[in-house]
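Reader: I'm new to looking at ligands in proteins. Can you walk me through one?

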Amino acid sequence: MDIIQNAINGQRVTSKSSNKVPVFNPATGEQSAELPLSSVDEVHAAIEAAKAAAPAWGDTPPLKRARYMFRFNELLNQHADDIAREISKEHGKTHDDALGEVARGIEVVEFACGIPSLLKGDFSRNVGPSVDTVADRKPLGVVAGITPFNFPAMVPLWMYPVAIACGNTFVLKPSERDPSAPMLVWDLFKEAGFPDGVLNVVHGDKQAVDALLDHPDVKAISFVGSTPIAEYVYKRGTDAGKRVQALGGAKNHMIVMPDADMDKAADALMGAGYGSAGERCMAISVAVPIGDKTADALVAKLKPRVEALKVGPASDSDAEMGPLITKAHQDKVLGYIDEGEKAGAELVVDGRGYAPQGYENGYYVGGTLFDRVTTDMSIYQEEIFGPVLSVVRAQDYGEAVKMINEHEYGNGTAIFTRDGDAAREFADKIEVGMVGVNVPIPVPVAYHSFGGWKRSSFGAHGMYGPEGVHFYTRLKTITTRWPGGIKEGAVFTFPS
Ligand code: NAD
């Protein structure tokens with residue numbers, strides 16, 4: 001049985017903790033590894049290693065730091081297939097989907113290679129007689145990241161390449177459900193030649209997270225996960241005087257206007273609703289067709305597509321989506337389908353009781369489609385995080401916008417239409433952080449930044465891109481005077 005190791009100060013080390021949890025292959029339901037939950041002392045050792053490495057790394061010229069990042073980028077590209085296999089083994093997503101995840105992570109490393117140009121700072125000559133001002137962005141020191149199960153390679157890569165290129169050192173606490181992909185990526189990071197202690201990985205649960213949140217040497221926390229934990233991390237971290245960015249859950253709506261191309265809208269909903277078994281924070285889980293005619297046409301297009309969805313293990317190259325992450329999560333998603341049915345939603349396609357032949361113990365739920373969902377139902381209000389798409393019929397555009405704006409989450413949203421006016425109005429006014437116009441999953445590219453609104457995100461900064469650089473640096477402004485020939489005595493008024 002594989003034992004998942006930590007990575008501290010440039011070495012893989014086996015935790016001494018006797019508190020262990022199993023890691024499963026969700027495609028088969030079999031245990032694939034064992035993960036020791038690191039003790040507080042082990043987390044402190046990782047922070048110590050990061051702290052010891054921080055001064056020299058922070059003083060390393062940005063271009064030299066970027067050169068390590070270029071090597072890391074090359075290795076990630078060479079091993080993308082291996083990383084994708086590790087993801088699929090413990091997460092369950094299809095190989096192509098896992099490759100897509102790796103590609104979006106690599107994109108952030110590519111961005112990080114260019115970070116020196118964003119650290120240049122501002123310079124103003126002659127802000128006063130013989131006075132010049134330089135505004136500079138300095139690293140924070142030791143920063144930490146806590147990541148969810150659904151993107152075990154990409155979400156950590158949203159964080160540490162940016163933090164490290166900015167001159168910080170990092171402690172990562174990945175999800176305990178699929179820890180092998182982030183460890184393989186750490187091996188590549190080490191192979192790229194970064195100094196020991198620049199990136200450390202500790203596995204664990206709440207105890208490890210709390211140890212990071214409370215430690216005075218950790219200056220900033222990046223978190224991605226569910227909203228209750230994001231809120232907890234934000235409060236505890238900021239109470240301890242840290243900078244915190246904590247991204248949470250989502251319920252993403254897609255409006256389908258009467259003028260939309262229904263085939264394109266239905267195809268978009270299939271990928272965005274059922275890709276990765278709906279376990280994406282940018283998944284579309286609510287379709288909002290405008291008017292009953294549009295709704296009838298859309299549901300008629302969706303039904304055969306959902307019925308034909310190919311669900312299976314990642315080893316089946318025909319599979320379009322895989323199993324859910326754990327048995328507990330499978331039960332939770334099945335419970336939501338029961339609830340939706342009891343609440344009176346029309347179950348158009350029922351994914352309960354599905355398992356591919358030979359994989360009866362895997363955590364599968366088939367594609368599920370509800371029509372005539374109303375906003376008071378739990379399947380509308382809560383994040384299901386499974387392959388369940390709800391159609392909520394709106395009588396007009398205004399009703400759809402009001403519904404989206406009133407939802408507690410505000411991560412992503414989309415509109416499908418041929419009407420430029422409607423699309424522009426929607427993009428401008430909707431209370432959501434990431435908006436797609438005829439784009440169902442509008443995840444910004446690495447040189448923009450990722451972040452939702454409302455209870456999908458706590459803290460002022462988004463992840464990666466310019467927001468990431470600002471989050472992982474603090475501003476220093478230096479005002480310099482070489483007065484030369486100017487003669488003046490003591491000045492007691494405010495400098496102007
Ligand atoms: P989770 O909140 O259960 O876990 C996230 C991290 O927090 C893990 O590392 C976990 O070990 C840790 N954790 C869990 N319970 C904790 C506790 N009580 N105290 C301290 N730490 C704790 O989330 P998950 O199930 O791994 O991931 C799915 C969730 O993540 C979904 O809600 C999804 O929407 C969200 N997500 C959001 C984004 C985004 O960008 N907004 C991206 C990906 C996933």
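Reader: Which polar backbone atom is 3.2 Å from an oxygen atom of the ligand?

Author: Start by looking for pairs of N or O atoms within 3.5 Å, the cut-off for a polar contact. Keep in mind that this is a predicted model. Here the backbone atom belongs to Gly225, at 3.2 Å from a ligand oxygen.

Reader: How much of the ligand's accessible area does the protein cover?

Author: On its own the ligand has 850 Å² of accessible area, and the protein covers 87% of that. The ligand sits in the largest pocket.

Reader: Which residues surround it, and of what classes are they?

Author: There are 26 residues around the ligand, and among the closest are Lys173, Glu176 and Glu383. Sorted by class, the shell has 14 nonpolar, eight polar and four charged residues. Helix H7 (206–214), strand S11 (218–224) and helix H8 (227–239) are the elements that each give two or more residues to this shell.

Reader: Why does the ligand lie between two domains?

Author: Check who supplies the shell. Domain 1 (2–248 + 456–478) and domain 2 (252–437) both give residues to it, so the ligand lies between them.

Definitions and conventions:
Residues numbered from 1 in each chain as written. Predicted model: local features only at pLDDT ≥ 70, side-chain atom pairs only at ≥ 80, totals over all residues. Heavy atoms only, no water. Near = heavy atom within 4 Å. Polar contact = N/O pair within 3.5 Å; in protein donor to acceptor, adjacent residues only side chain to side chain. Areas by Shrake-Rupley, 256 points an atom, 1.4 Å probe, with all protein chains shown as cover. 1 Å grid on protein atoms, 1.4 Å probe; cavity = no way out; pocket = protein on both sides within 12 Å on 5 of 7 lines; lining within 4 Å. Sits in = over half its atoms within 2 Å of the grid points. Helix = DSSP H or I, 4+ residues; strand = E, 2+ residues; numbered from the N terminus. Nonpolar A, V, L, I, M, F, W, Y, C, P; charged D, E, K, R; others polar. Domains from an automatic or database assignment.
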